[in-house]
Amino acid sequence: MRALVTGGAGFIGSNLTDRLLAEGWDVDVVDDLSTGSLANLAEARAVGARRFSFHRMDIRSPAITDLIVHRRPEVVFHLAAQADVRVSVARPAFDAEVNIIGSLNVFQGALAARCRKVVFASSGGTIYGTPEELPVREGHPQRPESPYGVAKKAGSDYLHYYRTVHGLEYTSLAFANVYGPRQDPHGEAGVVAIFIGMMLRRERPSIYGDGTQTRDFVYVDDAVDACVRAAERGSGLVVNIGTGVETSVRSLYDTIAAATGFDQPPVFAPPRPGELARSALDPARAELHLGWKPFTSLPDGVAATLRWFRRQAGTGVTR
Ligand code: NAD
């Protein structure tokens, strides 16, 4: 079995690549390394060139379509994205070039190569807009409030078109807030990585607003497991990948402070305009159609993430 993973040098994509290789897949990774890193692919490269290859390529280029046709993967996992909501607000056309035009280049390749399936990384925190009820189910109206959310919704809409008109199978995974090893602690998303990175450096992290805002944190191994299941199941669906549990940013802070032994209070900064007050995704459809349930508790996931950050600090690896 051959898979092609776009965005495979990134946080979720590299964890997915390692899992696919471990399960015996041959894997092609496509990434322009704009936010991803070759360091994330060290384990994959150790598997050897017979089963793993890396292609440095921008999905905005039609060359990605040709590459997919040339490599003929059975399944395309499309994770490459401009993944920063605030960049999408500042530069909506750039966001659309990557997240809409780039996605179309990938989908055209999957169609031309007669791939069995596309698994698409969508975003449950943005496609629904402000939730009318929590936890959010997939039938909730989709009224995204950022260009990034609009593009993620469009990705699933295009895939619905490709399936209906051309018979290309897909599953869109609407991820909650994914956290774990390899998340960039310097990024803008990824509050778990940011808090861990700063607390390990003995710096006080900021909380925007009073910290009562909630998010749904899902561990990366669990998210990757959903991707692998979606290669076989859940066709034609948008499926939430979250825990259904709301965790306040303040209680996340306390959990990470306890795990790192950090004893200082946060710096409270003014709330950020446009941020959701509450977010959580109902994972019932994932259980029904993918046989998926979150299996890592927040304290266990935080502990595993912390071990990874400490190992990185010990080896002097920077990213
Ligand atoms: P990431 O930034 O680590 O991964 C994205 C990867 O795409 C990076 O390796 C980057 O270099 C690559 N990329 C960006 N633009 C590209 C381009 N034009 N051509 C080729 N490669 C390009 O982010 P992540 O957190 O691993 O996210 C993976 C996917 O999951 C993204 O589609 C993101 O929108 C989605 N997602 C993530 C979360 C989360 O909490 N991390 C939540 C919802 C959805």
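This is a predicted model: local features need pLDDT of at least 70, side-chain atom pairs count only at pLDDT 80 or more; totals for chains, interfaces and linings use all residues.
Residues are numbered from 1 along each chain as its sequence is written, and side-chain values use heavy atoms, with hydrogens and water left out.

S14 sits in helix α1 (helices are DSSP runs of H or I with at least four residues, strands are runs of E with at least two, and both are numbered from the N terminus). With a relative accessible area of 0%, S14 is buried (buried means under 20% relative accessible area, exposed over 50%, partly exposed in between, with a 1.4 Å probe and protein chains only). Leaving aside neighbours within four places in sequence, S14 is in contact with G8, A9, N40, L41 and R182 (contact means heavy atoms within 4.5 Å).

F11 is in helix α1 too, and F11 is buried, with a relative accessible area of 14%. Not counting residues up to four places away in sequence, F11 touches N40, V178, Y179, G180, P181, R182, Q183 and V220. From F11 to A22 is eleven residues in sequence and 17 Å in space, C-alpha to C-alpha.

## Around the ligand

Which residues come nearest to the ligand? Of the 28 residues around it, they are D31, T35, D58, L79 and Y148 (a residue is near a molecule if one of its heavy atoms lies within 4 Å of it). By class, this shell has 16 nonpolar, eight polar and four charged residues; Ala, Val, Leu, Ile, Met, Phe, Trp, Tyr, Cys and Pro count as nonpolar, Asp, Glu, Lys and Arg as charged, and the others, Gly among them, as polar.

Now for some atom-to-atom distances. A polar side-chain atom of D58 lies 2.8 Å from a nitrogen atom of the ligand. On the backbone side, an N or O atom of G36 lies 2.9 Å from a ligand oxygen atom, and one of S34 lies 3.1 Å from an oxygen atom of the ligand. Taken alone, the ligand exposes 820 Å², and the protein buries 90% of that (areas come from the Shrake-Rupley method with a 1.4 Å probe; for residues, only the protein chains shown count as cover). The elements giving two or more residues to the shell are α1 (11-22), β5, α6 (147-166) and β7 (177-179). The largest share, three residues, comes from β5.

## S122 in strand β5

S122 lies in β5, which spans residues 117-123. Is S122 buried or exposed? It is buried, with a relative accessible area of 4%. Not counting residues up to four places away in sequence, S122 touches I127, K152, S156, S172, L173, A174 and F175. S122 and V30 are 92 residues apart in sequence and 18 Å apart in space, C-alpha to C-alpha.

## Aromatic pairs

How many aromatic pairs does a search of the whole structure find? There are eight (rings of Phe, Tyr and Trp, its six-membered ring, pair if their centres lie within 6.5 Å; planes under 30 degrees apart count as stacked, over 60 as edge-to-face and the rest as tilted). Y179 and F217 make an edge-to-face pair, because their ring centres are 6.5 Å apart and their planes are at 80°. Y179 is in strand β7 and F217 in strand β10 (residues 217-219), so this pair ties together parts 38 residues apart in sequence. Both Y179 and F217 are buried.

F195 and Y253 are also edge-to-face, because their ring centres are 5.5 Å apart and their planes are at 75°. Here helix α7 (residues 191-200) holds F195 and helix α9 (residues 249-260) holds Y253, so the pair ties together parts 58 residues apart in sequence. F195 and Y253 are both buried. Elsewhere, F107, F120, Y161 and Y162 form one aromatic cluster.

## Helix α8

Why is α8 (residues 220-230) described as largely enclosed by the rest of the structure? Because nine of its eleven residues are buried. The buried ones are V220, D222, A223, V224, D225, A226, C227, V228 and A230.

How values were computed. A polar contact is a pair of N or O atoms within 3.5 Å; within protein, one must be able to donate a hydrogen and the other to accept it, and residues adjacent in sequence count only if both atoms are side-chain atoms.
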